[in-house]
Amino acid sequence: MSLLTAQGVSVRLGGTTIVQGANLSLRGGELVALVGPNGAGKTTLMRALAGLVPATGSIMLGGQPLDSMKPRDRARHIAYLPQGHIFHWPMAVASIVMLGRAPHADPFSSTSAQDHAAVERALMTTETLSFAERAVTTLSGGEKARVALARALATQAPVLLADEPTAALDPRHQLVVMELLRNAARAGNAVLAIMHDLTLAARFADRVLVMDRGRIVADAPPTKAFAPERLAAVFGIQAVSVEVGDKRVPIAGRAL
Amino acid sequence: MKTIRIELALAALIVTLAVLSLMVGPAGLSPRAAINGLISGDGPAGVIARDIRLPRTVLAALIGATLGLSGAALQGLLRNPLAEPALFGAPQAAAAAAALVIAFGFAPVTSFAVPIAGILGAAISIAGLVAIAGRRASLTVTLLAGLALASFAGAVTALILNLAPNPFIALEIAFWLLGSLEDRSTDHLAIAAPFMLASWILLAANARAFRALTLGEDAAASLGADVARTRMLVVVGVALGVGAAVAVAGAVGFVGLVAPHLVRRAVGSDPARLLLPAALAGAALVLAADIAIRLGPSVVEIKLGVVTALIGVPVFLAIIFRERRLLEGAPS
């Protein structure tokens with residue numbers, strides 16, 4: 001079932017068209033990678049899907065038009081993980097993750113047992129429980145990435161949008177985060193992740209959306225989406241294909 | 001639990017300081033005489049406690065609370081521990097308008113024309129800020145416009161000092177700008193309190209947004225916060241409260257910057273939980289400064305803004321020293 005559907009979505013920012021006529025559908029149980037060169041419009045498209053930037057066209061969230069939803073309602077259905085794992089204050093990890101429950105909070109009461117259960121689950125899934133009381137600013141990059149993901153998971157929204165969740169992580173943490181995203185998808189969520197690592201995308205994603213100059217130019221399983229001609233045309237690279245486990249994955253060979 | 005503890009401790013401190021504030025002055029009162037005078041209103045002790053020292057004490061607490069709360073709210077909004085109430089120009093505008101009245105309106109410093117002008121000045125500066133930056137402006141644009149307005153208001157004040165009809169008025173303005181609670185009455189309280197109250201409501205209503213903003217504006221918006229609305233409410237709230245505070249007491253510096261830092265650690269840096277303790281800490285700080293003034297030599301009254309800075313800066317430096325690493329955000 002499609003949890004989020006976009007049809008003919010375009011975004012203009014400061015007189016420039018950043019995203020043009022994007023069509024996509026995210027189904028429950030699916031991990032979809034959104035790839036494309038720098039400046040292709042991936043982040044803008046994702047922000048439009050999250051309702052953070054005005055867009056034309058139609059975006060339906062669980063059968064409802066996104067722009068007709070109240071912000072809190074929308075926030076219960078879409079968890080958005082921005083780039084860069086930003087934490088401005090040295091708050092405790094548990095308090096940060098509790099922020100994921102904000103869309104569920106009743107303005108007149110404090111956190112519920114359900115909130116605490118969701119936070120604990122998110123902390124356990126991301127293996128961040130052991131430093132739940134530490135100030136988030138004192139953590140390493142890999143730990144911060146997991147906390148950021150825990151915050152998004154704590155919302156328990158059916159749709160998870162993650163912008164470069166593996167950026168600036170060491171190889172092991174990249175795998176850890178991708179496993180977490182895949183598990184979130186297996187639990188029935190629709191997960192869309194912007195990625196630059198085509199190898200990781202090919203290994204973990206069920207489907208790949210390739211973006212180029214504001215348009216989605218491919219929407220296919222990894223092997224098809226990463227056809228050598230397309231990688232040459234979109235990324236300007238000559239890719240080498242290797243086998244990892246039972247998957248064929250591309251590795252950037254040389255720049256064209 | 002930890003939060004409630006700090007709030008209780010600060011409340012107890014404020015009550016103690018308030019009683020002290022009723023006792024201290026040219027005519028000293030014992031705690032008992034001060035409280036009896038306050039309750040009964042009889043005799044000289046009654047006049048001193050009720051009519052002279054009570055308005056001063058309540059104003060000190062309200063102004064301190066407003067400054068502390070404003071500082072905490074702005075730091076929450078801007079995600080920056082350097083933010084302080086003077087950032088958007090409202091206190092400078094209030095000071096300029098008040099100086100104008102003192103210089104050319106022939107109003108004595110303690111007349112009501114001064115606070116009313118101050119509040120109007122602050123209101124005009126907010127209207128100007130909103131008009132220049134636009135209702136949904138980005139943070140950078142709002143800050144730049146605020147900075148410009150603050151500089152402009154500062155220049156206007158300097159111009160007024162420059163053009164003052166005589167040196168006594170210039171001196172009067174200069175002293176007024178340093179802040180004081182001397183000879184403030186219940187009427188001053190009545191003028192300023194509604195604005196401060198309105199500002200508290202506006203700022204406190206955004207507590208949850210401040211907490212969400214620790215993740216940045218996009219993540220906060222994705223969690224259901226209306227960031228543009230929060231920004232507008234905070235700008236207006238700070239201008240109302242701080243404008244009113246400056247209008248009745250002159251510029252009381254540093255409280256808005258320091259008060260949040262005094263209590264941030266106790267609330268685990270949570271920008272939402274910070275609001276109440278920061279307000280209480282601000283109230284205690286201004287009360288203590290106003291008491292210190294009256295304990296000093298009585299020939300020349302040291303100005304309130306001078307004392308808040310003299311008390312605030314060393315405390316502030318001590319905190320910076322202790323929390324260098326946290327403030328730098330570097331992994332320890």
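Q: Two strands pair if DSSP finds at least two bridges between them. In this predicted model, what is the order of the strands in the open sheet of 6 strands in chain A?
A: The model is predicted, not experimental. Chain A holds an open sheet of 6 strands in which the pairing is mixed. Neighbouring strands of this sheet are turned by 15° against each other on average, direction ignored. The order of the strands in chain A is β6-β7-β8-β3-β9-β10.

Q: Which strands stand at the edges of that sheet of chain A?
A: A strand at the edge has a single partner strand, so one side of it is left without a neighbour in the sheet. In chain A this applies to two strands, one of them spanning residues 215–220. The edge strands of chain A are β6 and β10.

Q: Over how many bridges do β9(A) and β10(A) pair?
A: Strand β9 of chain A covers residues 207–212. Across this pair, A:L209 stands opposite A:D219, and A:D212 stands opposite A:R215. β9(A) and β10(A) pair in the antiparallel sense, and the number of bridges is 5.

Q: Which residue takes a positive phi in the hairpin of β9(A) and β10(A)?
A: The hairpin of β9(A) and β10(A) has 2 residues between the strands. A positive phi near 45° occurs in this hairpin, and the residue that takes it is A:R213.

Q: Which strands are the edge strands of the open sheet of 4 strands in chain A?
A: This sheet of chain A has antiparallel pairing and the order β2-β1-β4-β5. Each edge strand pairs on one side only; one covers residues 16–27 and the other residues 64–65. The edge strands of chain A are therefore β2 and β5.

Q: At what angle does helix α1(A) run to β1(A)?
A: Helix α1 of chain A covers residues 42–49. α1(A) lies across β1, β2 and β4 of chain A.

Q: Which element gives the largest share of the side of chain A that touches chain B?
A: In the contact between the chains, 23 residues of chain A meet 22 residues of chain B. The elements of chain A that give two or more residues to this side are α2 (71–77) and β6 (78–81). By class, the side of chain A has 16 nonpolar, 5 polar and 2 charged residues. The largest share, 3 residues, comes from α2(A).

Q: Are α12(B) and α14(B) roughly parallel or oblique to each other?
A: Helix α12 (residues 255–264) and helix α14 (residues 304–322) of chain B pack with their axes 10 Å apart, at an angle of about 40°. α12(B) passes α14(B) in a left-handed crossing. Among the residues that make the contact are B:V258 and B:L262 of α12(B) and B:V315 and B:F316 of α14(B). Angles under 35 degrees would count as roughly parallel, so α12(B) and α14(B) are oblique.

Q: How many nonpolar residues are in the contact of α4(B) with α6(B)?
A: Helix α4 (residues 90–104) and helix α6 (residues 139–163) of chain B cross at roughly 20°, and their axes come within 8 Å; the two helices are therefore roughly parallel. α4(B) passes α6(B) in a left-handed crossing. The residues that meet include B:A96 and B:L100 in α4(B) and B:A153 and B:V156 in α6(B). In this contact 3 residues are polar and no residue is charged, while the number of nonpolar residues is 11.

Note on methods. Residues numbered from 1 in each chain as written. Chains lettered and ligands numbered in written order. Predicted model: local features only at pLDDT ≥ 70, side-chain atom pairs only at ≥ 80, totals over all residues. Contact = placed C-beta atoms within 7 Å. Nonpolar A, V, L, I, M, F, W, Y, C, P; charged D, E, K, R; others polar. Axes fitted to C-alpha atoms, helices over the stretch in contact; angles between N-to-C directions. Parallel < 35°, antiparallel > 145°, perpendicular 65-115°, else oblique. Left-handed = near helix turned anticlockwise from the far one by under 90°.
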